[in-house]
Amino acid sequence: RKPSEKLRMSMIFSGIVSDSLPQVSSMSEFEQVLSFSTVTLHDASEHWRVVAALGRAATIALGFPVNINIYVTAAGREVSTPVHADGHDVLVLQTQGRKRWRVFRPLPRRQGISANREGDSGVGELVVDVTLQPGECLFVPAGFPHLTSTHIFGTGMVSG
(Lines give C-alpha, C1' and ligand atoms only; values in the text may rest on other atoms or scores of the structure.)
Protein backbone atom coordinates (compact mmCIF):
# COMPACT_ATOMS: atom_id res chain seq x y z
CA ARG A 1 0.00 0.00 0.00
CA LYS A 2 1.00 3.55 -0.52
CA PRO A 3 2.16 5.32 2.64
CA SER A 4 -0.69 7.81 2.18
CA GLU A 5 -3.31 5.07 2.50
CA LYS A 6 -4.75 4.89 5.97
CA LEU A 7 -4.65 1.79 8.14
CA ARG A 8 -8.19 0.43 8.47
CA MET A 9 -9.08 -0.24 12.09
CA SER A 10 -12.30 -1.10 13.84
CA MET A 11 -13.43 -1.80 17.36
CA ILE A 12 -15.89 -4.24 18.83
CA PHE A 13 -18.04 -2.73 21.57
CA SER A 14 -20.90 -4.70 23.13
CA GLY A 15 -20.91 -7.05 20.15
CA ILE A 16 -21.16 -4.28 17.55
CA VAL A 17 -18.34 -3.61 15.09
CA SER A 18 -17.61 0.06 14.46
CA ASP A 19 -15.13 1.56 11.99
CA SER A 20 -15.16 4.92 13.80
CA LEU A 21 -12.46 4.78 16.43
CA PRO A 22 -11.94 7.66 18.80
CA GLN A 23 -8.79 9.69 18.08
CA VAL A 24 -5.92 8.47 20.25
CA SER A 25 -2.59 10.23 20.64
CA SER A 26 -1.04 8.43 23.59
CA MET A 27 -0.72 4.96 25.06
CA SER A 28 -2.95 5.93 27.98
CA GLU A 29 -5.70 7.00 25.55
CA PHE A 30 -5.30 3.70 23.66
CA GLU A 31 -5.57 1.78 26.94
CA GLN A 32 -8.75 3.72 27.68
CA VAL A 33 -10.24 2.56 24.34
CA LEU A 34 -9.23 -1.01 25.23
CA SER A 35 -11.12 -0.72 28.51
CA PHE A 36 -14.40 -0.93 26.59
CA SER A 37 -13.58 -2.61 23.27
CA THR A 38 -11.39 -4.90 21.18
CA VAL A 39 -9.38 -3.01 18.54
CA THR A 40 -8.80 -4.71 15.18
CA LEU A 41 -6.03 -3.73 12.75
CA HIS A 42 -7.25 -4.98 9.35
CA ASP A 43 -4.81 -6.13 6.65
CA ALA A 44 -1.85 -5.43 8.93
CA SER A 45 0.52 -7.10 6.47
CA GLU A 46 -0.12 -4.24 4.04
CA HIS A 47 1.21 -1.70 6.52
CA TRP A 48 4.17 -3.25 8.36
CA ARG A 49 7.14 -4.91 6.67
CA VAL A 50 7.74 -7.47 9.41
CA VAL A 51 4.07 -8.54 9.32
CA ALA A 52 4.22 -8.65 5.49
CA ALA A 53 7.27 -10.95 5.68
CA LEU A 54 5.37 -13.23 8.07
CA GLY A 55 2.40 -13.26 5.68
CA ARG A 56 4.61 -14.12 2.69
CA ALA A 57 6.29 -16.94 4.63
CA ALA A 58 2.90 -18.30 5.71
CA THR A 59 1.59 -18.10 2.12
CA ILE A 60 4.58 -20.12 0.88
CA ALA A 61 4.39 -22.66 3.70
CA LEU A 62 0.63 -23.17 3.48
CA GLY A 63 0.31 -22.92 -0.31
CA PHE A 64 -2.53 -20.39 -0.34
CA PRO A 65 -2.90 -16.63 0.17
CA VAL A 66 -2.76 -15.36 3.76
CA ASN A 67 -4.19 -12.17 5.24
CA ILE A 68 -3.16 -10.97 8.69
CA ASN A 69 -5.43 -9.06 11.05
CA ILE A 70 -4.31 -8.08 14.54
CA TYR A 71 -6.76 -8.06 17.46
CA VAL A 72 -5.87 -6.20 20.65
CA THR A 73 -8.00 -6.81 23.75
CA ALA A 74 -7.35 -5.79 27.34
CA ALA A 75 -7.37 -8.47 30.01
CA GLY A 76 -10.60 -8.98 31.89
CA ARG A 77 -13.06 -8.72 28.97
CA GLU A 78 -15.89 -11.24 29.50
CA VAL A 79 -16.58 -11.13 25.75
CA SER A 80 -13.80 -9.83 23.54
CA THR A 81 -15.49 -11.00 20.33
CA PRO A 82 -19.12 -12.15 20.41
CA VAL A 83 -20.32 -15.40 18.84
CA HIS A 84 -19.89 -15.30 15.08
CA ALA A 85 -18.80 -17.54 12.20
CA ASP A 86 -16.25 -16.38 9.63
CA GLY A 87 -16.60 -17.21 5.95
CA HIS A 88 -12.91 -18.16 5.82
CA ASP A 89 -10.57 -20.36 7.82
CA VAL A 90 -8.87 -18.66 10.77
CA LEU A 91 -5.43 -19.52 12.11
CA VAL A 92 -4.86 -17.82 15.44
CA LEU A 93 -1.38 -17.11 16.84
CA GLN A 94 -1.52 -15.88 20.43
CA THR A 95 1.34 -13.43 20.82
CA GLN A 96 0.82 -11.97 24.28
CA GLY A 97 -1.40 -12.54 27.31
CA ARG A 98 -4.04 -15.24 27.32
CA LYS A 99 -7.32 -15.59 25.45
CA ARG A 100 -10.05 -18.17 25.92
CA TRP A 101 -11.54 -19.54 22.71
CA ARG A 102 -14.83 -21.42 22.56
CA VAL A 103 -15.58 -23.02 19.18
CA PHE A 104 -18.91 -24.65 18.36
CA ARG A 105 -19.99 -27.13 15.72
CA PRO A 106 -22.00 -25.40 12.99
CA LEU A 107 -25.72 -26.07 13.01
CA PRO A 108 -26.87 -28.59 10.40
CA ARG A 109 -27.65 -26.98 7.07
CA ARG A 110 -31.24 -26.98 5.93
CA GLN A 111 -32.15 -27.17 2.27
CA GLY A 112 -32.15 -23.71 0.74
CA ILE A 113 -30.26 -22.19 3.69
CA SER A 114 -26.56 -21.42 3.27
CA ALA A 115 -23.92 -22.51 5.78
CA ASN A 116 -22.98 -20.19 8.65
CA ARG A 117 -21.81 -16.85 7.37
CA GLU A 118 -19.93 -14.09 9.10
CA GLY A 119 -22.23 -12.63 11.70
CA ASP A 120 -24.37 -15.75 12.17
CA SER A 121 -24.83 -16.61 15.82
CA GLY A 122 -26.50 -20.04 15.70
CA VAL A 123 -24.29 -22.58 17.42
CA GLY A 124 -24.19 -26.33 17.81
CA GLU A 125 -22.33 -28.29 20.46
CA LEU A 126 -19.14 -26.93 22.01
CA VAL A 127 -16.16 -28.68 20.37
CA VAL A 128 -13.21 -26.61 21.64
CA ASP A 129 -12.80 -24.72 24.91
CA VAL A 130 -9.17 -23.68 25.26
CA THR A 131 -7.16 -20.82 26.69
CA LEU A 132 -4.28 -19.92 24.40
CA GLN A 133 -0.94 -18.89 25.90
CA PRO A 134 1.73 -16.85 24.06
CA GLY A 135 3.18 -18.87 21.17
CA GLU A 136 0.20 -21.24 20.88
CA CYS A 137 -1.98 -21.60 17.78
CA LEU A 138 -5.57 -22.56 17.07
CA PHE A 139 -7.23 -23.38 13.74
CA VAL A 140 -10.91 -22.47 13.35
CA PRO A 141 -12.49 -23.78 10.12
CA ALA A 142 -14.77 -21.53 8.07
CA GLY A 143 -18.34 -21.62 9.29
CA PHE A 144 -17.54 -22.74 12.84
CA PRO A 145 -19.12 -20.28 15.33
CA HIS A 146 -16.71 -19.04 17.98
CA LEU A 147 -16.27 -16.40 20.67
CA THR A 148 -13.37 -15.17 22.76
CA SER A 149 -12.78 -13.86 26.25
CA THR A 150 -9.84 -12.42 28.16
CA HIS A 151 -11.70 -12.72 31.48
CA ILE A 152 -9.21 -15.19 32.92
CA PHE A 153 -8.28 -15.22 36.58
CA GLY A 154 -4.80 -13.91 37.33
CA THR A 155 -3.93 -12.22 34.04
CA GLY A 156 -3.05 -8.57 33.74
CA MET A 157 -1.58 -8.62 30.27
CA VAL A 158 -3.02 -7.36 27.01
CA SER A 159 -4.00 -10.20 24.65
CA GLY A 160 -3.19 -10.10 20.95
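A: **A helix residue, a strand and a surface patch**

Glu-29 is partly exposed, its relative accessible area being 30%. In this model, which is predicted, Glu-29 belongs to helix H1, spanning residues 27-34, and, once its neighbours within four places in sequence are set aside, Glu-29 is in contact with Gln-23 and Val-24.

Turning to the strands, in a regular strand the side chains alternate between the two faces of the sheet. Strand E10, made up of residues 146-149, has His-146 and Thr-148 pointing one way, while Leu-147 and Ser-149 point the other way, and all of these residues are buried. Strand E10 is joined by two bridges to strand E5 (residues 81-84), the two running antiparallel, and here His-84 stands opposite His-146. Strand E7, which covers residues 99-104, also runs antiparallel to E10 and is joined to E10 by four bridges; the bridge partner of Arg-100 in E10 is Ser-149.

Leu-91 is part of strand E6, residues 90-93, and together with Leu-62, Phe-64 and Phe-139 it forms a nonpolar patch on the surface, whose accessible area is about 430 Å² for the four together.

Definitions and conventions: Residues numbered from 1 in each chain as written. Predicted model: local features only at pLDDT ≥ 70, side-chain atom pairs only at ≥ 80, totals over all residues. Heavy atoms only, no water. Patch = residues over 30% accessible without salt bridge, like charges linked within 9 Å, V, L, I, M, F, W, Y side chains within 5 Å. Areas by Shrake-Rupley, 256 points an atom, 1.4 Å probe, with all protein chains shown as cover. Salt bridge = Lys/Arg side-chain N within 4 Å of Asp/Glu carboxyl O. Buried < 20%, exposed > 50% of the residue type's maximum accessible area, 1.4 Å probe, protein only. Contact = heavy atoms within 4.5 Å. Pairing = 2+ DSSP bridges.
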